[in-house]
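Visitor: I have a model open and want to learn how to read its features. Can we go through them together?

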Amino acid sequence: MEMEEKLTALLEEAKAEIGNAAGLKELESLRVKYLGKKGEVTSVLKGMKDLTPKQRPVLGKLANEVRDAITARLSEKKETLEQEALKKQLAEETIDVTLPGKKVTTGQPHVLTQIMEEIEDLFLGMGYQVIEGTEVETDYYNFERVNLPQNHPARDMQDTFYITPDVLLRTHTSPIQARTLEQHDFANGPLKMISPGKVYRRDTDDATHSHQFHQIEGMVIDENITMADLKGTLELLAKKMFGEEREIRLRPSYFPFTEPSVEVDVSCFKCGGKGCNVCKQTGWIEILGAGMTHPHVLEMSGVDSRKYGGFAFGLGPDRIAMLKYGVDDIRNFYLNDQRFLEQFKRKG
Amino acid sequence: MRVSVKWLSEYLDLSDIAPVELADQITLTGIEVDDVTLPSLTLDNLVVGEVLTAEEMADSDHLKVTAVDVDQEAPQQIVCGAPNVKAGQKVIVALPGAKLPNGLKIKKSKLRGVESNGMICSLQELGFAEAVVPKKAEDGIYVLPMEAKTGHSVLPYIGLDDAFIELDITPNRADALSMRGVGYEVGAILSQKPAFPEVTVSEDRSENISDYIHVSVDNSQDVPVYKMRVIKDVTVQESPMWLQRKLMNAGIRPIDAVVDVTNYIMLEYGQPLHAFDYDALESKTIRVRRAEQDEKLVTLDGQERRLNPGNLVITNGEKPVALAGVMGGENTHVTGATQTIALESALFESSVIRKTAQSLNLRSESSARFERGLNTAAIERALDHAAQLIADLGNGQVVSGVARVEAIQPESKQVTIALERINQALGTDLVMDEVVHLMDRLGFDSETSTRELTVTVPPRRWDIEIEADIIEEVVRLHGYNRLPATLPKSESIPGELTHKQQRVRDTRHFMEGAGLSQAISYALTTNEKAAAFSRVEGEPVKLDWPMSEEHQALRKSLLSGLLDNVQYNVARQNKHVGFYEIGRVFYPVTDSKLPREVTHVAGALTGSRVEANWQEDEQPVDFYAVKGILEEWFTVIGVSDEISYVPTNTYPELHPGRTAKVRWQGQVVGVLGQLHPQLADERDLKETYLFEIDMDALLDTDKEPLIYSSIPKYPGTSRDVAFVVDETVLHETVLSVMKENGGKWLKSIRLFDLYQGENIEQGKKSMAYSLSYQNPEATLKEEEVTSDFEQIKKALVEELNAEIR
Ligand SMILES: [Zn+2]
């Protein structure tokens with residue numbers, strides 16, 4: 001059985017050569033050498049036509065086995081070589097992952113905008129509209145319509161920037177409330193609004209005073225609005241601004257456009273109420289003024305104060321930001337020093 | 001109003017409540033407390049001493065060596081520098097161990113070798129303000145009355161064994177500008193009826209007021225009530241200690257017994273009084289009238305005031321003797337020689353007093369009370385009480401009768417309110433009895449029917465007039481802490497931002513994503529800055545009476561402010577700055593009293609967009625970096641199709657060759673350009689680029705519905721063209737030539753190369769564009785595209801004299 005021996009020897013030879021192959025190219029040439037059209041296994045098989053019919057199947061089987069074994073060896077070796085090549089490539093491609101990334105430059109909203117937007121969103125969620133109004137107003141809408149007639153003791157000329165005796169820079173955002181109220185048609189539902197914006201006072205700028213600052217006022221007018229509704233609304237606001245665990249307390253106060261009027265304190269977010277320098281040892285921090293809309297204010301806008309009533313509140317985003325972030329000089333908000341502004345990129 | 005708890009205890013039983021707790025209750029129920037002080041907590045080792053001897057110290061021109069009896073085994077030697085120290089005086093001695101409010105710790109010490117075992121104190125050293133210390137004790141030690149017990153604590157004598165509650169009184173609660181008012185208020189809080197001592201005047205019936213004085217007023221609107229009493233045979237002397245300490249601790253300087261009584265009564269009743277030297281009036285007539293134009297009066301402070309008909313004056317029938325409600329006249333004020341006092345108690349119209357006090361800058365305790373209104377029921381009571389006290393302290397007699405003019409009488413008001421109204425306003429379930437009880441605590445009577453109550457409000461609470469006022473009294477006494485917390489149960493309507501508000505927010509987010517930080521600048525600026533960068537006609541809107549040049553006019557552009565911010569940062573080594581601001585600018589309008597307010601967005605960039613790093617070279621800000629931001633923003637807000645840029649050299653603040661007007665639908669909506677290098681130099685800035693766009697113009701349009709267009713199913717194709725043209729030919733011009741001649745399948749045009757320099761003729765430039773073609777309905781045929789593309793090339797040659805390469 002010369003042919004059988006030949007085949008067996010061929011298989012051993014192929015195994016040895018495949019095992020020694022150093023690269024994919026060499027492997028390919030071995031495949032051609034043994035299994036190609038002119039390859040050695042093929043040429044052995046070609047000699048089968050000279051065999052007896054009895055011998056053919058036996059030898060045919062052996063030849064196929066030898067061919068399959070070589071094929072398996074080849075693909076096994078191929079796999080190994082590919083793995084090695086990949087490994088080598090990956091090793092070569094290794095980089096210093098600790099080098100800095102390419103800089104993405106983004107800006108950030110002003111801290112006052114962040115605060116105002118947060119408040120706007122809270123009230124939008126409760127069905128309020130945001131109405132901005134103009135920064136230059138008439139004396140009439142800024143004062144008279146909020147129940148501050150000419151000789152009212154609470155009306156201090158010193159505090160107002162006048163342009164003419166009749167025109168001024170608004171000292172609060174209330175005029176837009178009066179303007180909206182007189183336009184409002186209660187047939188379309190209650191009036192629920194907040195008015196954010198810049199306001200102006202005749203003050204000399206220092207650490208705690210600014211001739212320009214911001215205000216957000218809110219107002220709800222409908223039938224059956226209660227002072228308890230005001231308390232609940234402000235509680236929500238205080239928790240949103242200063243944290244879930246905060247409580248509020250209402251104290252009697254005076255504003256010409258509300259009656260009753262209250263000042264609202266929030267439990268100190270720094271010490272939790274035990275007393276610290278932020279709350280001046282009282283456990284409470286004053287954050288806003290509020291009250292039930294004065295009937296005169298409603299009547300002046302043509303609203304029947306027997307049928308409709310409601311509440312109003314006002315707060316200063318500048319003051320809130322100072323409290324919340326411990327900013328000790330209000331002028332920081334208007335100097336626009338990047339080193340200040342950038343600190344509020346991280347959401348507080 | 002500084003309230004002495006001891007004084008208040010004369011009306012109420014405060015033995016069960018600590019001052020700090022009382023202050024808390026006052027704050028939560030009625031009136032904000034600014035501060036509570038208890039001086040005795042920090043003051044000890046302060047005793048009454050008797051000066052036995054006071055000798056000049058050998059080698060000093062002002063120090064004295066005293067021996068002071070402080071009720072110890074031996075007198076103490078104390079060195080004292082006060083000029084007024086004398087043997088025989090009772091004085092305030094700080095013994096070793098005492099700590100004074102100014103931080104000084106008293107120890108045994110030696111002054112110039114002489115031993116000193118303590119310190120003889122002035123009132124200032126105990127914490128009294130200079131302005132409340134009696135004149136004669138101003139420059140030295142305070143001398144106690146002889147009855148003061150040697151060795152005992154000095155605090156009771158000067159009223160520092162007390163607690164003081166500083167009330168911050170709002171304009172509506174002027175009733176609490178008096179101790180009696182505070183007594184009622186605290187009584188309501190503690191459910192106690194305050195007890196006030198009865199005052200009876202013992203009059204000398206031998207003479208009648210009409211023998212002395214007759215009063216008249218010109219206008220009862222100005223002076224609804226004017227009353228006067230006369231006290232005769234008075235010796236004007238120093239006030240007793242109890243009176244002095246009450247005044248000093250309330251912040252008022254003791255002067256003499258007459259003036260002190262008027263101030264004391266004002267503190268007790270809230271009723272300002274004025275005492276005249278009767279003989280100096282030189283008349284038996286008092287007439288109250290408006291001042292004449294330029295009429296003159298020398299006031300108590302020695303200043304000559306030039307008056308006008310806005311001021312109200314008290315006259316002796318001819319010439320002014322006092323500025324009503326504001327300040328007395330020098331010629332009639334009480335002196336040590338005064339024997340007969342004419343005492344005034346009146347009600348003056350608040351606005352007249354307010355204007356006078358304001359225009360003469362003479363705000364006083366009196367004028368403040370007139371401005372806020374008075375308890376009409378106290379006008380005569382206060383007068384009676386003061387007259388009796390002046391007589392008692394000066395050994396004089398009150399002349400029988402009151403000279404008076406009164407157009408009004410003190411009257412109670414009645415307010416009727418339904419119980420349901422109270423509960424409806426507060427969200428409570430109070431029953432009638434509870435409300436009646438609350439009114440009773442205030443000292444208000446009420447009558448009830450099944451559903452309503454009618455509250456009788458005495459004149460001492462003149463702030464209460466309408467239902468809402470009663471509701472306020474109910475809720476504050478009931479307690480805000482007992483109020484439920486609910487939300488409005490109104491019909492729910494969606495709250496949403498308007499289209500414009502949403503776009504403003506989108507713009508902010510976009511600008512921040514593009515690397516710009518939001519700035520907020522002052523709207524008020526200098527005249528010059530207010531006008532800069534704006535091409536809108538008219539002077540900026542100016543303040544009538546600015547506080548400073550820095551803030552006197554409203555900006556017409558946001559750019560001056562932003563530039564200030566950039567400069568501020570660059571000067572502080574923040575070299576790479578990118579700001580945007582969204583805010584109002586203000587334009588004067590000729591036929592309107594209000595200016596036009598327009599919302600602008602503006603930006604300012606300087607330094608680098610990208611700093612040099614290990615991967616990239618530095619990318620300094622340039623015109624096109626800023627333009628790129630605007631282009632993308634215009635796409636985001638949906639206006640990019642109709643935006644165009646037109647070169648302009650009409651802004652003196654901007655680089656004439658690097659500035660473009662931004663037009664939208666043919667109208668100018670903004671500007672984009674480089675800060676003029678000269679101005680940049682002045683501000684020490686490198687190349688700085690600016691833009692400012694009128695947002696209202698772009699956003700006031702209706703929201704355009706956004707409709708999806710299908711993704712093309714068929715492949716497109718592209719062609720590149722490169723050519724040389726004159727350097728003056730604008731990209732915008734090339735674009736319009738290409739668009740006009742591009743054929744119907746031309747989809748987009750992209751400039752991919754621009755070159756000038758070597759190999760290109762001087763004055764020319766080489767441009768290369770990539771044109772994309774697309775037919776949404778079918779695959780484009782090569783021939784179609786080729787013929788369209790040839791058309792463009794032809795047009796470039798013909799219209800722009802381009803040389804195709
Ligand atoms: Zn605290």
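Visitor: Between which domains of chain B does the second largest cavity lie?

Guide: First, the ground rules. This is a predicted model, in which local features need pLDDT of at least 70, side-chain atom pairs count only at pLDDT 80 or more, and totals for chains, interfaces and linings use all residues. Residues are numbered from 1 along each chain as its sequence is written, chains are lettered from A and ligands numbered from 1 in the order in which they are written, and side-chain values use heavy atoms, without hydrogens and water.

Guide: Now the general idea. Rolling a probe the size of a water molecule over the atoms shows where empty space is left. On a 1 Å grid over the protein atoms alone, a cavity is a set of points where a 1.4 Å probe fits but cannot get out; a pocket is an open set with protein on both sides within 12 Å along at least five of seven lines; lining residues have an atom within 4 Å of a point. Here, domain 1 (2-38 + 163-190) and domain 4 (413-481) of chain B both give residues to the lining of the second largest cavity, so this cavity lies between them. Domain bounds come from an automatic or database domain assignment.

Visitor: What volume does the second largest cavity have, and which residues line it?

Guide: A volume is the space filled by probe spheres set on the grid points, which are joined across faces, edges and corners. For the second largest cavity that is about 80 Å³. Its lining includes A:Pro252 and A:Ser253 from chain A, and B:Asp463, B:Glu472 and B:Arg476 from chain B. Helix H13 (467-478) of chain B gives the largest share, three residues. Helices (H or I, at least four residues) and strands (E, at least two) are DSSP runs, numbered from the N terminus.

Visitor: How do the residues of that lining divide by class?

Guide: Ala, Val, Leu, Ile, Met, Phe, Trp, Tyr, Cys and Pro count as nonpolar, Asp, Glu, Lys and Arg as charged, and the others, Gly among them, as polar. The second largest cavity has one nonpolar, four polar and five charged lining residues.

Visitor: How many cavities of 30 Å³ or more are there, and what lines the largest?

Guide: The count is three. The largest cavity has a volume of about 100 Å³. Among its lining residues are A:Val146, A:Met219 and A:Phe257. Helix H7 (residues 174-183) of chain A supplies four residues, the largest share. By class, the lining has seven nonpolar, four polar and no charged residues.

Visitor: Which UniProt annotation covers residues 712-805 of chain B?

Guide: UniProt positions are in the numbering used here, feature names are shortened, and annotations may be inferred rather than shown by experiment. The unreviewed entry gives "domain: FDX-ACB" for that span. The span is 31% helix and 34% strand, and its end C-alpha atoms lie 32 Å apart.

Visitor: Is A:Cys279 buried or exposed?

Guide: Buried means under 20% relative accessible area, exposed over 50%, partly exposed in between (1.4 Å probe, protein chains only). A:Cys279 is buried, at 3%.
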